[in-house]
Amino acid sequence: MRSEGSPLLLKIAALACVAFLHVPLLLIFLYAFTTEEKSFQFPPPGYTAKWFGIVWERQDIWDAIGLSVKVASIATFLALILGTCAAAAISRAKFFGRDHISLLFILPIALPGIVTGIALRSAFGIMDIPFSTWTIVLGHTTFCMVVVYNNVLARFRRTSGSMIEASMDLGADGFQTFRYVVLPQIASALLAGGMLAFALSFDEVIVTTFTAGQQSTLPIWMLNELIRPRQRPITNVVAIFVIAVTFVPILAAYYLTREGEHTGGTGK
Amino acid sequence: MTTAVSFQNISRYFGPVRAVDEVTLDIAEGEFFAMLGPSGSGKTTCLRLIAGFEQPTSGHMEIFGVTSEGVPPYQRNVNTVFQDYALFPHMTVLDNVAYGLMVKGVDKPTRHHKAQEALTLVALGSFGSRRPSQLSGGQRQRVALARALVNEPKVLLLDEPLGALDLKLREQMQVELKALQRNLGITFVFVTHDQGEALSMADRVAIFNDGKIVQVGSPEDIYERPNTKFVADFVGSSNVLSPAFSKSAGGPEKWASLRPEKINILPAKVKPSPGQQSASTKIVAVHYQGSVTRLNTRTVGGETINVTVPSSLGKFTEGDEVMLHWPQEALHIMAGEA
C-alpha cells in the first residue's frame, strides 16, 4: 500500500506546488481581459481586449518602459565589465584577504534590498548627488554585478590556467590572449550572467524606490497604478509584458549555462 | 659551441620558500637536456624561468646571449609543451597549431599551410579539422608538440610531457621525441621526475634537490658516478654504503655507492678471486622479477645491500648466507659526501 501510495501523494504535492506558483500568474492573464475595471471579481463579468489598446495610447507607460530598458541596459553593461574584472582578479591572483573580498562582492545580493537601498540613498545624500537615471543605474549595478561575477567566476574555475600561459608562450600579448582565448571561454557565461542581470534590473522595486527621484521605472509605475481605483486591467496588461520580457532571457540563460558545463572543461 | 640557456646564480623565492636556490647552469645549443628531480625540487620553476612565466628573484639569465630578465613570455623565442597540454578547446586542431603564427600576423593560407606541415610531422596530418576533445591523450600531446614547433623556437621546453600517457605510449613517444630532436636540431629542455625517461633520452641530465642542482652530467656519469647519496639513491636506487663499510670491504673510508647489478654472488665462505672486494651477508628478502631477481641482503654490521642477479643463476631463499663480491672499480666513492 505504502509503496503505491507515496508516489501518488508526491504527485499531488508536486501539482499543488506548481499550482501555488503559477495560478496567480494565470489570474494576471485572465484579468487583463476583464470588462470590470474597479475590482477583480471572479468570474469576470465579460471579456474584452480594449485594455491593450489603452495601454498602447498611454505615454506614461511608454516612458516607464523606456526608463526601465535604459536602466537595465546600462546597469548590465557596467556589471559585465566590473563583474568580469572582479572574477578575473579573484580567480587568478592570490593575495591576503582574498576570500573576504570575495564575500564582499556577493554581499549586495545577500543583503535585503531595503538595506542596500537605504545605504545608497544616504550615500547619495551625503555626497549631494541629485537623484536621476544614473542613481538608479548605480543602485542596480550593485546587484547586477554579483550575478555576472558569480557566473564568470564559476567559468574561470573550470578553465585551465595553463591555457593563458600557453597563449602568452605562443607569442600572444595580454590583449590577444584575452581576445582569442579568455573571451571565447567565458562568452556563454557572460551572456547568461548578462541576461540574468538584465532581468533582475528590469523588475527591481525596492532599491529603485530609494534611488529614483521623480522618475518611475516600470515596476514603480505598476505599484503606483495599483493604488488608483480605475482602469485596473491596464496593470495586468503591463504585467504580461514584463513577464514576456524577463522570462525569455532567464530561460535562455538557463539553457546557455547548462550547455556551458559540457564545453567549459574539455581543454584539460 | 653556442650556449642556448645560461643561468648565473639564479634564485627564485616564493615568500620564504627557496624554490630555486643559486642555480648556475649552461645548456648548449642543440642539446637534449633533462632536469630530473622529485616534485618540489625546483626543476619546473627553472623551466618556467626560461619560459618567462617566472622572473628570478636574483641572478642573471641569458637565452642565446640575450639577457632575459624582464622579457615577457610572448617576446621570447622559446615555446613550451605543457604538462596538461593546454590546448584551446574552442578551436580546431589546425587553428590550435596555427595560433602562434596567427597572433604574429601571418596570413591565413601561409599559417594553415605551416600548421598542416607541423601536424604531418607529428603524424596527425588528417586530424586538423577535429576538436581537441575528440582526440586521445597521446594525440593531444602531439598537437601540443606541433603547436610549439610550428613557431620554430630556438629552445623547446617540455614540462613532464609524457606524464599523463600510459607506459607503452610513453616508451613510443620517448623514441619519437628523441628522433625529432635529432632531426630538428632544436635545443630541448625536458623536465621529468622519471629517471628512466631522463637517462634514455637526454644528452645531459641535471639532478635537482631542494632548489639546487646536485649533479650535472651525461646519463652514464649520473648513473655510474653519482656524487652524493641523494643522486645514488634517486637515480636507479643504488646501494649507499657507509664509510665504515667501504673500509671493511676493502675500499677507502668514504661514503660510496654500489650498483645492485654490479654485484656477483657466491655461496657463503667461498673466497672471491683476488682484486675483488667482498662482503658476507644474509638474504633478508627475495623479489622475483622475471628475467632478474632482486635480493635484499644484510651484513653482520647491519648494512643493507640490494643485489640484482639473473634469475637463471638459481633459486635463492630467505635466510641463506651468501658471499657478495664486486670488481674494485664498481665501488664508487662519492665526492660530494663528507
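Start in chain B with helices H2(B) and H3(B): H2(B) passes H3(B) in a right-handed crossing. (Right-handed means the near helix is turned clockwise from the far one by less than a right angle, left-handed anticlockwise; helices are DSSP runs of H or I with at least four residues, strands are E runs of at least two, and both are numbered from the N terminus.) Before you click further, note that this is a predicted model, where local features need pLDDT of at least 70, side-chain atom pairs count only at pLDDT 80 or more, and totals for chains, interfaces and linings use all residues. Residues are numbered from 1 along each chain as its sequence is written, chains are lettered from A and ligands numbered from 1 in the order in which they are written, and side-chain values use heavy atoms, leaving out hydrogens and water.

**Stop 1: the helix pair in chain B**

Select 108-121 of chain B for H3(B); its axis lies 8 Å from that of H2(B), at an angle of about 120°. That makes the two helices, H2(B) and H3(B), oblique to each other. (Axes are lines fitted to C-alpha atoms, for helices over the stretch in contact, and angles run from 0 to 180 degrees between N-to-C directions; under 35 degrees is roughly parallel, over 145 roughly antiparallel, 65 to 115 roughly perpendicular, and the rest oblique.) Show side chains at the contact, meaning heavy atoms within 4.5 Å: H2(B) contributes residues including Val93(B), Leu94(B) and Asp95(B), and H3(B) residues including Arg111(B), His112(B) and Lys114(B). The contact residues divide into nine nonpolar, two polar and three charged. (Nonpolar covers Ala, Val, Leu, Ile, Met, Phe, Trp, Tyr, Cys and Pro; charged covers Asp, Glu, Lys and Arg; the others, Gly among them, are polar.)

**Stop 2: Thr92(B)**

Now pick Thr92(B), in the loop between strand E6 (78-81) and helix H2 (93-103) of chain B. Its side chain reaches the backbone nitrogen of Asp95(B) at 3.1 Å. Leaving aside residues up to four places away in sequence, Thr92(B) touches Gly128(B), Ser129(B) and Arg130(B).

**Stop 3: strands around E9(B)**

Select 204-209 of chain B, strand E9, which pairs in the parallel sense with strand E3 (residues 32-36) over four bridges. (Two strands pair if DSSP finds at least two bridges between them.) Ala34(B) has Val205(B) as its bridge partner in E9(B).

**Stop 4: the five-stranded sheet**

Still in chain B, bring up the open antiparallel sheet, with strand order E13-E17-E14-E15-E16. At its edges are strands E13 (264-267) and E16 (304-310) of chain B, each pairing on one side only. Neighbouring strands are turned by 45° against each other on average, direction ignored. Zoom in on strand E15 (residues 292-299), joined to E16(B) by seven bridges. Arg298(B) has Thr304(B) as its bridge partner.

**Stop 5: over to chain A**

Chain A has 11 helices and zero strands. Its C-alpha trace spans about 75 × 70 × 30 Å along the principal axes. Select helices H3 (residues 59-92) and H8 (residues 174-202) of chain A, which pack at an angle of about 140° with axes 9 Å apart. H3(A) and H8(A) are therefore oblique to each other, and H3(A) passes H8(A) in a right-handed crossing. Among the contact residues are Ser68(A) and Val69(A) of H3(A), and Ile186(A) and Leu190(A) of H8(A). The residues of this contact divide into 10 nonpolar, six polar and no charged.

Terms used: Polar contact = N/O pair within 3.5 Å; in protein donor to acceptor, adjacent residues only side chain to side chain.
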